[in-house]
Amino acid sequence: ISEAVERALEHGSAPPRVLAILGGAIDDRGRGNALLHGPAVREPKPPAEVSVPRMLDLDSSIKLLRSQLSEETKRGSVAIHVEQRGVVIGLNGSVFFPSGDDTIDERVYPTIKKVAAVLRQLPNPLRLEGHTDPRPIHNARFRSNWELSAARSIAMLRLLEDRYGVDGQRLAIVGYADTLAGA
C-alpha cells in the first residue's frame, strides 16, 4: 500500500484499492483523494440580496429636524448642526439630566417625544453620546464621570426604544464623561 501511495503521489494515479483507502477515486466530486486534489470545495452560493435602508441625504435630514424641532432649538434645549461624522442633535445635558444623575427629567419627555418622532422617520443608524458634569463624580452609584456618561446614554436609549418606539437595532451608545471628544 505504501508503494502504491508513493506512486500515486509521484505519478498522479493509483489502483482503485488505494484510492478507496485514501478516500475515493480522483473523479468523485467532493470525495476525491485529498492528497491529490486537496479538500473538496463546494461551489460558493451567490450572496443573498440584502435590503439596505436608503440613507437620507444630509440636507433633507437637517430640514426635517429643524422644522420639527424649531421650538426646542429656539429655547436652547436642542441644537442641530452638521459635523464630519454626520448630523448631530445635541441635547442640553443640564436641561435633560439633574447634576450627577442619569435619570431623565420627565418635564423634557415632550421634547424627547418630538426628537423620537423625527428619528423614526430617518433610516440612518443613530449614536447616542453621553456626556456628564464637568465636576468629578465619585459616589456609591457612579465611580467616575465615564460611568455616569455611559449610564446617561443607556437611559436615553431605553427611553427612545421602550417608550417612543425607535428601533433599538439602529442605536449605539458612547460615553464621553467630561471630555470634549465627539462634542
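I take helices and strands as DSSP runs, numbered from the N terminus. The model I opened is predicted.

Entry 1, overall fold. I counted eight helices and four strands in the chain. Reading along the sequence, I noted the order α-α-α-α-α-β-β-α-α-β-α-β.

I looked up the share of buried residues and found 32% of the 183 residues in the chain. For contacts with a separation of 6 or more, I noted that 59% join residues 24 or more positions apart. The chain exposes about 12200 Å², and I recorded 54% of this area as coming from carbon and sulfur atoms.

I found 42 residues in its lining, with Val-88, Ile-89, Gly-90, Arg-127 and Glu-129 nearest the centre. Among the elements that give two or more residues to this lining are α4 (58-68), β1 (78-83), β3 (126-130) and α8 (145-163). I noted β2 as the element that gives the most, with six residues. By residue class, I recorded the lining as 22 nonpolar, 13 polar and seven charged.

I placed Thr-111 in helix α7, which covers residues 109-121. Is Thr-111 buried or exposed? Its relative accessibility is 7%, and buried means under 20%, so I put Thr-111 down as buried. Leaving out residues up to four places away in sequence, I listed Glu-72, Arg-75, Ser-77, Val-78 and Phe-96 as touching Thr-111. With Arg-75, I also found a polar contact between the two side chains, at 3.5 Å.

Methods:
Residues numbered from 1 in each chain as written. Predicted model: local features only at pLDDT ≥ 70, side-chain atom pairs only at ≥ 80, totals over all residues. Heavy atoms only, no water. Buried < 20%, exposed > 50% of the residue type's maximum accessible area, 1.4 Å probe, protein only. Contact = heavy atoms within 4.5 Å. Areas by Shrake-Rupley, 256 points an atom, 1.4 Å probe, with all protein chains shown as cover. Polar contact = N/O pair within 3.5 Å; in protein donor to acceptor, adjacent residues only side chain to side chain. 1 Å grid on protein atoms, 1.4 Å probe; cavity = no way out; pocket = protein on both sides within 12 Å on 5 of 7 lines; lining within 4 Å. Nonpolar A, V, L, I, M, F, W, Y, C, P; charged D, E, K, R; others polar.
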